[in-house]
Amino acid sequence: MNDSGNVYKQHETIAVNTEAKSAPIGHGRPWMDPTIEPFIRVEGVSKHFGDFAAVDRVDLDIYQGELFSILGGSGSGKTTLLRVLAGFEEPSTGRVVIDGVDMAGIPPHRRPVNMMFQSYALFPHMTVAKNIAYGLKRDGMRKAVISERVADVLDLVQMSDFGPRKPAQLSGGQRQRVALARAIVKRPKVLLLDEPLGALDKKLRESTQFELANIQYKSGITFIVVTHDQEEAMTLSTRIAVMDQGRFPQVGTPTEIYEYPETRFTADFIGTINSFEGSVESVSGSEMSVSLPALDMTLQVPVKNGISNGDTVCLAVRPEKIWISTSPPETADTAVLTGTVEDQGYFGNLSLYRVRLETGEIIQVSAQNRERQSERMIDWDATVHIHWDIASMVLLKE
Amino acid sequence: MMKRLSFPLTVLIFGYAFLYIPIFSMIAYSFNKSSLATTWGGFSLRWYGVLFENSQAFDALMLSIRIALVSATFATALGTCAGIALYRFRSFRGRRLFSGMIAAPLVMPEVITGLSLLLFFISLENLIGWPAGRGVDTITIAHITFSMAFVAIVVQARLAGQDNSLEEAAQDLGARPFRVLVDITLPLLAPAMIAGWLLAFTLSFDDLVISSFVSGPGANTLPMYIFSKVKLGVKPDINALATIIVALVTIGVVVAMRLMTRKDGGKKPG
């Protein structure tokens, strides 16, 4: 079975699972169901500023009722894409279709979307109630209906007593709620949120995260959230589009993105990962063997399209998927590597170790601190044995 | 024992003394009984009486107020448009040229502005027969020309310090561009527009050089009247006139300041 040239010490013949397990089709996963039409279609959209492409030929399908996150660092083009959806920027190429209507040439005030701005953009010269009523007034609603809707939405965001206040008299968290209330009071088909929690401090951000998801669930509005905070995106979203240099390296559920990252960028951007470069020694049938000099071993993994002999590939494993112990594991059906603890971090609930292998490679390992002890079991310079299930490794594109 | 004044305080006192002693002495001398402008002869309202009987001075005052009101209003309207255009349309063709041109009157010597406007009015009259002769109209137009630059700069500064997304938010909530202007842009610009209007009013009210160039027979603004009087020696009734002007300007500025601070502060919830 193993027909690779035995350049490096061969430990084992092990299969690496690189394919996402297909999730069951059903309720709450409209993107898995081919009979459901996407609610928002982004087709080949680019936005150029001069020679620079802030958004570069992206495609995206977003379904009704989703809480969809666009996750990227600063300058990744995420806010530009949001502004294209809102109508503040005309796309240079491609088109945006919302609920079956092509949005080309439709100005922001006629789109069925509302936006919550990063700065909140509350009108400083109007009270909270007037801020929220503004959009309803533009639709020519009757006064009685307006005040009822305003009261309802203030209740939803728990700001009922604050209607007569001016924005300057509110705290950051209260302003955030008012901004959200103003954006959802018109019951838009889609709500765009630009860094909705960005201006809040950490503690407030955590509690507000869940409230936001709760409000999304109650209102049933499709949310598209732009954020740079991976934790926020992971906890909030039904799906995440990772954005980098105007493109999407990967779109998927939080679990898919975390457990089955497709590219090195995604893997590094979300959480931490140990990645090892290797070269394809041979391809036979559905498997290929990859030699990893950093680990001093060769692994058997399923073949991916477009990979041939001699190609450089990247295999990776998350720190929490690795077992660490001071004594050699008894029943390890996988490769066991030995190294020394170069550095460690104690976080209370878990510890993070940086283990230096004999090859010089440093591997990050995290372990739950299940037992209570005043002394650490694994200390600096301790000799440790680490191993992991090869099926938890992923094959990354560069 | 007297406390030693700190250096900054001393500087401040000197600065204010330099600015205000001439004005206060002028005000004091307006209540002077003596007809000699520089010797104190006891308190009296005599010169205010003389002033009100002087129809020439009164006419000049009314003319100046009229011109200042009209020109400040037009200058505010035009200057606001220019300020918004300069700020908003960041990349239109010739923006740099336009913005340089709007600021030019700020540094242009008044003599040059006055002369060029005079030549312009004369050739315009030759071409289309308007404005017929020089007078109130030409002074007003001239004042609009130079004071709108100041308004534009005040408005532009205010816009630069403002969150752009406010207007976008209004648009996003369904407001057409015109509604955004009325509901959001202009209310937020109000303090700057009031400040610009006051500035334009003051500039127009005390302009002497440009007015002298473009004025015609019969159109004497207050500064022109005062200047012509002073050439024949300072009379105490001029002091009285100046005191009235100072009082009016002070009231105007105080009112405007209160308006402006109330706009941003926000009232306590009732």
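Is Leu12(B) buried, exposed or partly exposed, and what is its relative accessible area?

**View 1. Leu12(B) on helix α1 of chain B.** Leu12(B) is partly exposed, with a relative accessible area of 46%. Buried means under 20% relative accessible area, exposed over 50%, and partly exposed in between (1.4 Å probe, protein chains only). The residue lies in helix α1(B), residues 7-30. Helices (H or I, at least four residues) and strands (E, at least two) are DSSP runs, numbered from the N terminus.

This is a predicted model: local features need pLDDT of at least 70, side-chain atom pairs count only at pLDDT 80 or more, and totals for chains, interfaces and linings use all residues. Residues are numbered from 1 along each chain as its sequence is written, chains are lettered from A and ligands numbered from 1 in the order in which they are written, and side-chain values use heavy atoms, without hydrogens and water.

**View 2. Strand β19 of chain A and its partners.** β15(A), residues 322-325, pairs with β19(A) in the antiparallel sense over 4 bridges. Pairing requires at least two DSSP bridges between two strands. Here Ser325(A) stands opposite His385(A). β16(A), residues 336-346, also pairs antiparallel with β19(A), over 5 bridges. Gly339(A) has Val384(A) of β19(A) as its bridge partner.

**View 3. Two faces of helix α2 of chain B.** Helix α2(B) covers residues 46-53, and its buried residues are Trp47(B), Tyr48(B) and Leu51(B). They lie on the same side of α2(B) because they cover an arc of only 105° around the axis. The arc is taken from the directions from the helix axis to the C-beta atoms. Exposed Phe52(B) and Glu53(B) sit on the face turned away from the buried side.
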